[in-house]
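Subject: Structure handover

Hello,

Here is the structure I promised to pass on. Please open it first, then read my notes below.

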Amino acid sequence: MEKNKYIMTVFGCQMNERDAETLRGFLDELGYEEVEKVKDAGLVIMNTCAVRQKAEEKVFGHIGRLGKLKQENPDLTIAICGCMVQQEEVAKKIKKSYPYVDLIFGTHNIATFPELLQRAQESEETILDLWDDAGQVVEGLPVTRKDGIKAWVNITYGCNNFCSYCVVPYVRGRERSRLPGDIVAEVSSLAAKGFREVTLLGQNVNSYGKDLDELVDFASLLHRVDTETEIDRVRFMTSHPRDFNEKLAKVIAEGRSVCEHVHLPIQSGSNRILELMNRGYTREHYLALAEMLRGYVPSCALTTDIIVGFPGETEEDFAMTLEIVEIVGFDSAFTFLYSPRKGTPAAKMPGQVDNGVKKERFSRLLEAQNRWSLERSKALVGSVHELLVEGPSKTEKHVLTGRTRQNKTVNFTGENVMPGELVMVEIIEARTWSLAGRLKT
Ligand code: SAH
Ligand code: SF4
């Protein structure tokens, strides 16, 4: 073990992945080196997620296991950050039950990480530092991106939507937008460094700019990124159905670099449940959006998130979710069992659904969605797509893998093809989760 070697575990969404890149940036500046094995590390960092109970349980498991390591190595520094510990009662519980943890800090004070780390390494006590308020957007923090091909770029932080099941507005604070000029400049510099693709990140990208003095919305930001930078591909997530509009669909249709893929979480197909969720749209509105989008961008892939077993969900409500899966035919979906989150309105709602019922509905939903995912993949057989090559496939080393503009994974064999290249492939076989392709020369 060496003091200046670290290992970082990241749970949760792309926002956390992006924050981890900032932490890596700081650690690079401090002369640290990232290692793969926990036994080689003098510093262990866990960037945590609070969105579902399971994510939190995993972190508790990890912290528990680190206790033994700390006994063997009293010099080991253990730091825990992210959404889970932004919840004050959770942070206090960790401090009390796992006193060997050296540093606990939240989501709003990541810019002060070097200082906090130093304090933690000098102190005998656990340093716990949480800020209630996010404050202004801080620009110019260091960033270390591991992959030189694809990059995450924040456009907004926080969320104002307060969906009744969701902890994000409590742990990430109010919505704050970065200035469009800063975003365009970052994408330009990424393109100049050889990056091929950026994903613009926000909890609800469609409400970008509402808090700024400058008159700018997400569609115009996307248009600027498309026309003012040299980046080959632009993606964005997550879109919210309440604020998704025709102007945005046109930018996707006409954009040079804007990829034909929209992740548009529906959460439920029942208007009654959508209302209880405080989502701010109806199933009819969602269906109209899907139709409008496909009208402008016929090749557009549409993916979604669905929660099963929200409080009060009846068999009829669930049937409406299944029905919408059949009507829309999503390319893929992230499906979740509803998980009560402390402090959110839904956790106190009557009619919490029994776990067995949730699981049974979940498996019916999965069956329907898997069928559609395969169906959508099959429809692509015979067509030719531009692929951004990522590298060797995870399972077969001699096979290369890449993604289409619709974000479909394609495996193919080819010689003299390098990661980061854009190549054309013909789809020759469909599987539920991926496609097989042949290089077109
Ligand atoms: N801002 C994004 C998603 C953030 S969380 C959006 O609004 O779409 C990612 C997904 O996790 C959500 O879309 C939702 O489907 C799921 N999720 C959030 N809170 C949850 C909870 N308490 N239980 C189960 N799933 C949840
Ligand atoms: Fe959570 Fe809703 Fe905000 Fe998404 S939009 S982060 S689900 S509150």
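Asparagine 278 is partly exposed, because its relative accessible area of 37% falls between the 20% and 50% cut-offs. Its place is the loop between helix 10 and helix 11 (283-296). Its phi is positive, about 60°, although asparagine 278 is not a glycine. Most residues other than glycine have a negative phi. Bear in mind throughout that this is a predicted model.

Glutamine 267 also has a positive phi without being a glycine, at about 70°. This residue sits in the loop between strand 12 and helix 10 (271-276). Glutamine 267 is buried, because its relative accessible area is 7%, and buried means under 20%.

Next, the backbone at threonine 238. A cis peptide bond joins methionine 237 to threonine 238, with omega about 10°. Most peptide bonds are trans. Threonine 238 lies in the loop between strand 11 (233-237) and helix 9 (246-254).

Now the domains. The assignment for the protein chain gives domain 1 (2-129), domain 2 (145-259), domain 3 (263-281 + 289-378) and domain 4 (384-439). The C-alpha centres of domain 3 and domain 4 are 30 Å apart. Nine residues from domain 3 and seven residues from domain 4 take part in their contact.

Where does the largest nonpolar core lie? This core has 66 residues, and Leu200 and Phe218 have the most contacts inside it. Domain 2 (145-259) and domain 3 (263-281 + 289-378) both contribute residues, so the core lies between them. A second, separate core has 28 residues, including Ile7, Met46, Ile78 and Cys83. In soluble globular proteins, nonpolar side chains tend to be buried together. Back to phenylalanine 218: leaving aside neighbours within four places in sequence, its contacts are Ile155, Leu200, Val205, Asn206, Tyr208, Phe236 and Leu248.

Then ligand 1. There are 15 residues around ligand 1, and Gln203, Pro265, Gln267, Asp305 and Ser339 come nearest. A polar side-chain atom of aspartate 305 lies 2.6 Å from an oxygen atom of ligand 1. For arginine 279, a polar side-chain atom is 3.5 Å from an oxygen atom of the ligand. Serine 339 uses its backbone: an N or O atom there lies 2.8 Å from a nitrogen atom of ligand 1.

Another polar contact, 2.8 Å, joins the side chains of histidine 263 and threonine 303. Histidine 263 is in strand 12 (residues 261-263). Is histidine 263 buried or exposed? Histidine 263 counts as buried, at 4% relative accessibility. Beyond four places in sequence, histidine 263 is in contact with Met237, Thr238, Ser239, Thr303, Thr304, Asp305 and Phe334.

Ligand 2 has its own shell. The residues around it are Cys159, Asn161, Phe162, Cys163, Tyr165, Cys166, Val168, Pro169, Gln203, His240 and Arg279. Seven are nonpolar, three polar and one charged.

Last, leucine 141. This residue lies in the loop between strand 6 (127-129) and strand 7 (150-154). Leucine 141 counts as partly exposed, at 28% relative accessibility. Not counting residues up to four places away in sequence, leucine 141 touches Thr22, Phe26 and Ala111. Leucine 141 and glycine 329 are 188 residues apart in sequence and 41 Å apart in space, C-alpha to C-alpha.

Best regards

Definitions and conventions
Residues numbered from 1 in each chain as written. Chains lettered and ligands numbered in written order. Predicted model: local features only at pLDDT ≥ 70, side-chain atom pairs only at ≥ 80, totals over all residues. Heavy atoms only, no water. Near = heavy atom within 4 Å. Nonpolar A, V, L, I, M, F, W, Y, C, P; charged D, E, K, R; others polar. Core = buried A, V, L, I, M, F, W, Y, C linked by side-chain atoms within 4.5 Å. Buried < 20%, exposed > 50% of the residue type's maximum accessible area, 1.4 Å probe, protein only. Domains from an automatic or database assignment. Contact = heavy atoms within 4.5 Å. Helix = DSSP H or I, 4+ residues; strand = E, 2+ residues; numbered from the N terminus. Polar contact = N/O pair within 3.5 Å; in protein donor to acceptor, adjacent residues only side chain to side chain.
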